[in-house]
Amino acid sequence: MSGAYGRVLVVDDNRGIRQLIRVNLELEGFEVVTASDGAECLDLVHRIRPDVITLDVVMPRLDGIQTATRLRADPRTRRLPVAVVSACTPFEVDAGVAAGVDAFLEKPFEPSELVRVVRRLMREERAPSPDGGRGAGRAGSTAG
């Protein structure tokens with residue numbers, strides 16, 4: 001684990017959103033690496049070994065749902081916590097749950113809620129449940 005509290009890979013095609021998420025997480029002691037779409041995320045993930053990934057849904061080249069699906073299909077990233085930070089429409093939430101997304105945060109979000117979701121996912125990642133999974137929360141939505 002890097003940074004005081006861990007490393008987060010933030011994936012969003014909007015530079016302003018990436019920067020907003022980065023600043024809020026860095027202020028809380030996280031190390032943050034960013035990617036502009038899902039294809040870049042998949043290129044980086046094995047090199048930087050994040051503790052959590054945040055994904056936008058609508059992105060060029062490879063969207064967030066496709067990215068989550070590929071992360072879950074790879075044995076090396078299957079258990080890596082993934083949070084969708086997006087509009088969180090019913091379609092996005094349903095598709096995200098089916099793809100194995102662990103949490104959802106609706107845009108616009110409160111910075112404190114972002115930090116809470118990332119911290120929760122890091123705790124679950126480090127404390128596997130007795131059945132070998134990461135614990136509850138895979139289908140739990142933080143969207144309102």
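Biologist: Which residues in α3 do G38, C41, L42 and V45 in α2 meet?

Modeller: This is a predicted model, in which local features need pLDDT of at least 70 and side-chain atom pairs count only at pLDDT 80 or more, while totals for chains, interfaces and linings use all residues. Residues are numbered from 1 along each chain as its sequence is written, and side-chain values use heavy atoms, with hydrogens and water left out. Helices (DSSP runs of H or I, at least four residues) and strands (E, at least two) are numbered from the N terminus, and contact means heavy atoms within 4.5 Å. G38, C41, L42 and V45 in α2 meet, in α3, T67, R70 and L71.

Biologist: Is α2 roughly parallel or roughly antiparallel to α3?

Modeller: Axes are lines fitted to C-alpha atoms, for helices over the stretch in contact, and angles run from 0 to 180 degrees between N-to-C directions. Angles under 35 degrees count as roughly parallel, over 145 as roughly antiparallel, 65 to 115 as roughly perpendicular and the rest as oblique. Helix α2 (residues 38-48) packs against α3 at an angle of about 25 degrees, the axes being 9 Å apart. The arrangement is therefore roughly parallel.

Biologist: Which residues of α4 make the contact with I65, A68, T69 and R72 of α3?

Modeller: Helix α3 (residues 64-73) and helix α4 (residues 90-99) have axes that come within 9 Å and cross at roughly 15 degrees. These two helices are therefore roughly parallel to each other. On the α4 side, the contact is made by E92, A95, G96 and A99.

Biologist: What are the residues of the aromatic pair, and is F30 buried or exposed?

Modeller: The structure holds one aromatic pair (ring centres within 6.5 Å; planes under 30 degrees apart are stacked, over 60 edge-to-face, the rest tilted). The rings of Y5 and F30 have centres 5.9 Å apart and planes at 55 degrees, so the pair is tilted. Y5 lies in the segment before β1 (7-11) and F30 in the loop between α1 (15-27) and β2 (31-35), so the pair ties together parts 25 residues apart in sequence. Given the cut-offs (buried under 20% relative accessible area, exposed over 50%, partly exposed in between, with a 1.4 Å probe and protein chains only), Y5 at 43% is partly exposed, whereas F30 at 4% is buried.

Biologist: Which residues does A87 touch, not counting residues up to four places away in sequence?

Modeller: A87 has its place in the loop between β4 (82-86) and α4, and its relative accessible area of 38% makes it partly exposed. With residues up to four places away in sequence set aside, A87 touches E92 and E106.

Biologist: Is the peptide bond from K107 to P108 cis or trans?

Modeller: Most peptide bonds are trans. P108 is found in the loop between β5 (103-106) and α5 (111-126). For the bond from K107 to P108, omega is near -10 degrees, and the bond is cis.

Biologist: What is the value of phi of R61?

Modeller: Most residues other than glycine have a negative phi. R61 lies in the loop between β3 and α3 and, at 63% relative accessibility, counts as exposed. Phi of R61 is positive, near 65 degrees.

Key: Phe/Tyr/Trp six-rings, centres within 6.5 Å; stacked < 30°, edge-to-face > 60°.
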